Amino acid sequence: MSDFAVQVKGLRKSFKTTEVLKGVDLEVRRGEIFALLGSNGAGKTTIVNILSTLLKSDGGAASVCGLDVKNQADKVRQSISLTGQFAAVDGVLTGRENLSLIAELRDVPNPAHIADSLLERFFLTDAANKRAGTYSGGMKRRLDIAMSLVGTPSVIFLDEPTTGLDPEGRLEVWKMVKELAGGGTTILLTTQYLEEAEQLADRIAILHVGKIIVNGTLAELKKLFPPAKTEYIEKQPTLEEIFLAIIGKEGANK
Amino acid sequence: MKSKTIVLFGRLMKHILRSPDTIITVALMPIAMMLMFVYVFGGAVKTSLGDGVNYVNYQLPGILLIAIASGISYTAFRLFGDMENGFFARLNAMPIKRSSVLWAHVLTSLVSNILTLVVVFLVALLMGFRSGAGVLSWLAVAGILVLFTLALTWVAVIPGLTAKSLEGASAFSYPLIFLPMLSSAFVPTETMPAVLRVFAENQPVTSIVNTLRALLNAEPVGSEIWVALAWCVGIAAVAYLFAMRAYRRVA
Ligand SMILES: Nc1ncnc2c1ncn2[C@@H]1O[C@H](COP(=O)(O)OP(=O)(O)OP(=O)(O)O)[C@@H](O)[C@H]1O
Ligand SMILES: [Mg+2]
């Protein structure tokens with residue numbers, strides 16, 4: 001078995017006339033947290049959708065757990081789970097029903113038990129029997145993520161998991177993501193928050209105008225940044241500065 | 001192991017049972033129209049139909065088709081809802097047969113429409129509907145109604161999958177609800193002006209209504225049943241093709 005949970009090579013995708021992905025390369029190792037960083041419209045969701053078999057690429061190769069997302073989509077779906085950019089919960093069903101629905105669909109034994117333990121883990125026990133449509137944004141997102149954990153998939157895609165959450169909710173999600181990775185789950189998450197990538201990710205890739213322009217650990221990324229500016233004040237660059245500097249450079253080269 | 005289609009069907013039936021407004025609109029609208037046709041227009045129409053015609057019987061087939069046409073707009077509505085909020089995508093990224101997601105919607109449409117039709121039949125019975133039809137005729141009636149529901153369900157799948165807005169997803173059903181008015185469903189076509197009459201006599205609703213009416217009244221059906229069946233199967237087949245094309249684009 002390959003060491004990589006996700007391998008993407010030369011991935012291309014266009015929507016009508018707009019070329020969104022212009023040859024994306026990235027690799028995610030098993031068990032790591034990988035953050036895909038990019039601004040609005042960079043193509044993060046497009047990559048996630050291709051990897052989770054929702055969208056067909058126009059060219060290049062993409063595989064999950066060694067399985068081609070195009071030709072072996074059925075098998076890929078056995079090992080993945082997707083938490084899309086917008087919480088996809090059934091608002092008419094209760095939190096508990098949402099979870100046991102997914103458990104039934106994934107053939108997990110004892111759906112009710114799984115539902116209860118996930119409700120507890122995500123602090124939703126009190127709201128378990130309320131319709132998910134009445135949940136706050138943060139609660140919906142927690143339920144949404146909980147639904148993705150049903151059946152313990154080995155690779156989880158989280159598309160902007162903390163967008164729209166308050167700082168507390170964000171910290172909870174971070175904690176949960178770390179726990180999952182600690183348990184051996186591979187996580188590919190997208191984010192626009194540099195701090196999030198800095199806090200969570202083992203490795204970070206920056207997607208900009210359809211390509212991955214840098215890819216590495218935080219330490220590696222920091223090395224790319226020009227050394228401290230003056231001899232008197234040593235200043236460690238933040239990821240934000242690195243990000244903006246790189247994008248600026250790329251932009252100037254165009 | 002329960003079929004995934006059945007699991008998802010259970011989910012959609014919960015949607016129906018938990019939104020009373022859906023149930024009310026779907027069942028009450030055709031019932032209200034039936035009350036209106038029978039008690040407001042019925043007296044006047046009867047004089048032109050001649051003595052001995054039971055107008056509740058006469059207009060019932062048209063009301064049933066109206067009930068189906070308004071019922072399937074909720075099929076489009078539910079499908080659009082799943083597309084819109086990402087639930088459809090969530091299911092499509094799961095290890096289940098993709099077609100089960102769509103079939104669950106189709107099955108829900110069939111079952112919920114059948115329930116509505118039963119309610120309409122019961123109300124008609126209270127209003128004086130009487131039928132001397134035998135078992136075979138009743139089976140034929142049920143078969144045609146199910147086939148018509150299936151055909152319109154596939155029609156509804158198309159806007160459900162492709163609409164850009166909620167209004168767009170259900171607006172397609174308005175002409176379908178209106179179509180029985182321009183047919184033999186409530187008044188004989190003989191009284192209509194020429195152009196309208198040609199349209200009325202050649203559109204699908206008229207052959208279906210005439211067939212259902214004959215079956216329910218235990219009268220000879222004639223060749224019109226084949227025209228009715230051809231319309232149902234034809235609409236179902238064409239709509240199915242387009243629905244599948246739309247489906248392949250999104251799933
Ligand atoms: N179905 C589609 N049809 C046409 N264009 C699309 C479609 N999906 C995405 N795009 C375009 O592709 C580009 C990338 O979109 P994508 O959703 O992948 O970006 P993103 O990085 O996820 O952005 P955001 O941070 O806003 O979620 C955008 O310009 C978008 O308009
Ligand atoms: Mg996105």
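These notebook entries record what I looked up in a predicted model.

**Conventions.** I worked with a predicted model, in which local features need pLDDT of at least 70 and side-chain atom pairs count only at pLDDT 80 or more, while totals for chains, interfaces and linings use all residues. Residues are numbered from 1 along each chain as its sequence is written, chains are lettered from A and ligands numbered from 1 in the order in which they are written, and side-chain values use heavy atoms, with hydrogens and water left out.

Entry 1: Thr45(A) belongs to helix H1 (residues 44–51) of chain A, whereas Gln85(A) sits in the loop between strand E6 (80–83) and helix H3 (95–105) of chain A, so the pair ties together parts 40 residues apart in sequence. Helices (H or I, at least four residues) and strands (E, at least two) are DSSP runs, numbered from the N terminus. Thr45(A) is partly exposed, at 25% relative accessible area, and Gln85(A) is partly exposed at 25% as well. Buried means under 20% relative accessible area, exposed over 50%, and partly exposed in between (1.4 Å probe, protein chains only).

**Entry 2: ligand 1.** I then asked which residues surround ligand 1: there are 13, and the closest are Gly41(A), Lys44(A), Thr45(A), Thr46(A) and Gln85(A). Here a residue is near a molecule if one of its heavy atoms lies within 4 Å of it. H1(A) gives the most to this shell, with 3 residues. For polar contacts (pairs of N or O atoms within 3.5 Å), I noted a side-chain atom of Thr46(A) at 2.5 Å from an oxygen atom of the ligand. A polar side-chain atom of Gln85(A) lies 2.7 Å from a ligand oxygen atom, and one of Gln192(A) lies 3.2 Å from a ligand oxygen atom. Taken alone, ligand 1 exposes 640 Å², of which the protein buries 60%; areas come from the Shrake-Rupley method with a 1.4 Å probe.

**Entry 3: nonpolar cores.** I found that the largest nonpolar core has 73 residues, and that Leu99(A), Val177(A), Ile187(A), Ile204(A) and Leu239(A) have the most contacts inside it. Such a core is a set of buried Ala, Val, Leu, Ile, Met, Phe, Trp, Tyr and Cys residues joined through side-chain atoms within 4.5 Å. Helix H6 (residues 167–182) of chain A gives the most to this core, with 6 residues. A second, separate core of 46 residues includes Leu49(B), Ala124(B), Phe148(B) and Val209(B).

**Entry 4: helix H3 of chain A.** I recorded that 9 of the 11 residues of H3(A) are buried, among them Glu97(A), Asn98(A) and Leu99(A). The buried residues of H3(A) pack against helix H4 (111–121) and helix H5 (137–149) of chain A, together with helix H1 (4–18) and helix H4 (87–92) of chain B. After H3(A) comes Asp107(A), with a positive phi near 60°.

**Entry 5: a residue of chain B.** I looked up Thr116(B) in helix H5 (residues 98–127) of chain B. Thr116(B) is buried, at 7% relative accessibility. Beyond its neighbours within four places in sequence, Thr116(B) is in contact with Val26(B), Ala27(B) and Ala67(B), contact meaning heavy atoms within 4.5 Å.

Notes: A polar contact is a pair of N or O atoms within 3.5 Å; within protein, one must be able to donate a hydrogen and the other to accept it, and residues adjacent in sequence count only if both atoms are side-chain atoms.
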